[in-house]
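This briefing goes through a two-chain model topic by topic, from single elements to the contacts between chains. Please keep the sequence and the structure at hand while reading.

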Amino acid sequence: MSLDIVGPLLFGLLAVLIVGAGLGVVLADRITTSALLMAFTFLNMAGMFVLLGAETIAAFQILIYVGAITVLILYGVMFTPQAPRAYGLFFQKQTTPGALIAAVAALPVMVVAFAFRDAASGPPRGGDLLPLASSLFTDFAFPFEVASVLLLAAMIGAIVLVKRE
Amino acid sequence: MSALVPLGAFIALSAALFFIGMAGVLVRRNAIVILMCVELMLNATNLAFVAFSRRLGLLDERGSVFVVFVFVVAAAEVAVGLAIVLAAYRNRPTVDVDEVKEMRG
């Protein structure tokens, strides 16, 4: 097997896993299952970033999404215990229009998406850490600082919201 | 490594995951599952950002910089979102968005 086939094979495998686990998040009965399938989706997405040659982004993805956000969501699940309920109460009343709107919106986007036929990545380069860091700390230094203020505001807001009087 | 995979495949996968998340936001009752689906949508946009950045950004990584900002916003969003869900749950023990009527205008 030549090395050229590895990329498309990996893409197919990761794509199937991402779409399957994403559907599982929406359709799973138990909320913990949804949360763990979400983590699995994010993990496969990190693999997709590696396939695209963005290793630093893949590392961030695992640290932030698979690590922090999944743990945060699981804490949220833990703090809001629910009585078991019938599967009929699983979806909202407006399920059919909601699913229809999503499907109708998806169709034209998919048609446009498949119009990009050229290869996804140019010639192989070194890692993406150096260009990423030099962009982030020169051209995007001010948005970077604003982002840290946003995180501080979110942290204070979350503490204030859940604080007991 | 991904030289043989067309850019459209990545964009289509990103769109598919985005609309799966959108369907989840629209059809699920559980507020925490809705937050998870929003995270799926944000992550799907990240894939599109990285794919276009790899293809078009030959000199720098500006698309990937936006991915970093999406990470920051996603973390802030899930923290504040869960705090709101917990505050509503303390007020009334449910995470069912059909039953939380107090927030209706």
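What covers the buried residues of H5(A)? In this predicted model, the cover includes H3 of chain A together with H3 of chain B. The buried residues in question, from helix H5 (residues 129-137) of chain A, are A:Pro131, A:Leu132 and A:Ser135, and because they cover an arc of only 100 degrees around the axis, they lie on the same side of H5(A).

**Chain B as a whole**

- Chain B contains three helices and zero strands, and its pattern along the sequence reads α-α-α.
- Of its 105 residues, 59% count as buried.
- Among the contacts in chain B with a separation of 6 or more, 51% come from residues 24 or more positions apart.

**Packing of H2(B) against H3(B)**

- The axes of helix H2 (residues 31-56) of chain B and helix H3 (residues 62-91) of chain B come within 9 Å and cross at roughly 175 degrees; since an angle over 145 degrees counts as roughly antiparallel, H2(B) is roughly antiparallel to H3(B).
- On the side of H2(B), the residues that make this contact include B:Leu35, B:Val38, B:Leu42, B:Phe49 and B:Phe52, while those of H3(B) include B:Phe66, B:Val70, B:Val78, B:Leu82 and B:Val85.
- Sorted by class, the contact of H2(B) with H3(B) has 15 nonpolar, six polar and three charged residues.

**The contact between the chains**

- In total, 65 residues of chain B are in contact with 76 residues of chain A.
- On the side of chain B that touches chain A, the elements giving two or more residues are helix H1 (7-27), H2 and H3 of chain B, and H3(B) gives the most, with 21 residues.
- By class, that side of chain B has 50 nonpolar, six polar and nine charged residues.

**H4(A) against H1(B)**

- Helix H4 (residues 95-113) of chain A and H1(B) have axes that come within 9 Å and cross at roughly 170 degrees, which means that H4(A) is roughly antiparallel to H1(B).
- Residues of H4(A) including A:Gly98, A:Ile101, A:Ala105, A:Val109 and A:Met110 meet residues of H1(B), among them B:Ile11, B:Ala15, B:Phe19, B:Met22 and B:Leu26.
- The contact of H4(A) with H1(B) has 16 nonpolar, three polar and no charged residues.

**The largest nonpolar core**

- The largest nonpolar core has 75 residues, of which A:Phe49, B:Ile32, B:Met36, B:Leu47 and B:Val50 touch the most other members.
- Both chains contribute, as the elements giving two or more residues to this core are helix H1 (6-27), helix H2 (31-51), helix H3 (55-79), H4 and helix H6 (141-162) of chain A together with H1, H2 and H3 of chain B; H1(B) gives the most, with 16 residues.
- Not counting residues up to four places away in sequence, B:Met36 touches A:Val25, A:Ser34, A:Ala35, A:Met38 and A:Ile73.

**The surroundings of B:Met41**

- Leaving aside neighbours within four places in sequence, B:Met41 is in contact with B:Phe18, B:Gly21 and B:Met22.
- B:Met41 and B:Gly24 are 17 residues apart in sequence, and their C-alpha atoms are 9.8 Å apart in space.

Key:
Residues are numbered from 1 along each chain as its sequence is written. Chains are lettered from A and ligands numbered from 1 in the order in which they are written. This is a predicted model: local features need pLDDT of at least 70, side-chain atom pairs count only at pLDDT 80 or more; totals for chains, interfaces and linings use all residues. Axes are lines fitted to C-alpha atoms, for helices over the stretch in contact, and angles run from 0 to 180 degrees between N-to-C directions. Helices (H or I, at least four residues) and strands (E, at least two) are DSSP runs, numbered from the N terminus. Angles under 35 degrees count as roughly parallel, over 145 as roughly antiparallel, 65 to 115 as roughly perpendicular and the rest as oblique. Two residues are in contact if their C-beta atoms, placed from the backbone, lie within 7 Å. Ala, Val, Leu, Ile, Met, Phe, Trp, Tyr, Cys and Pro count as nonpolar, Asp, Glu, Lys and Arg as charged, and the others, Gly among them, as polar. A nonpolar core is a set of buried Ala, Val, Leu, Ile, Met, Phe, Trp, Tyr and Cys residues joined through C-beta atoms within 7 Å. A residue is buried if 20 or more other C-beta atoms lie within 10 Å of its own, exposed if 12 or fewer, and partly exposed in between; C-beta atoms are placed from the backbone. The arc is that of the directions from the helix axis to the C-beta atoms.
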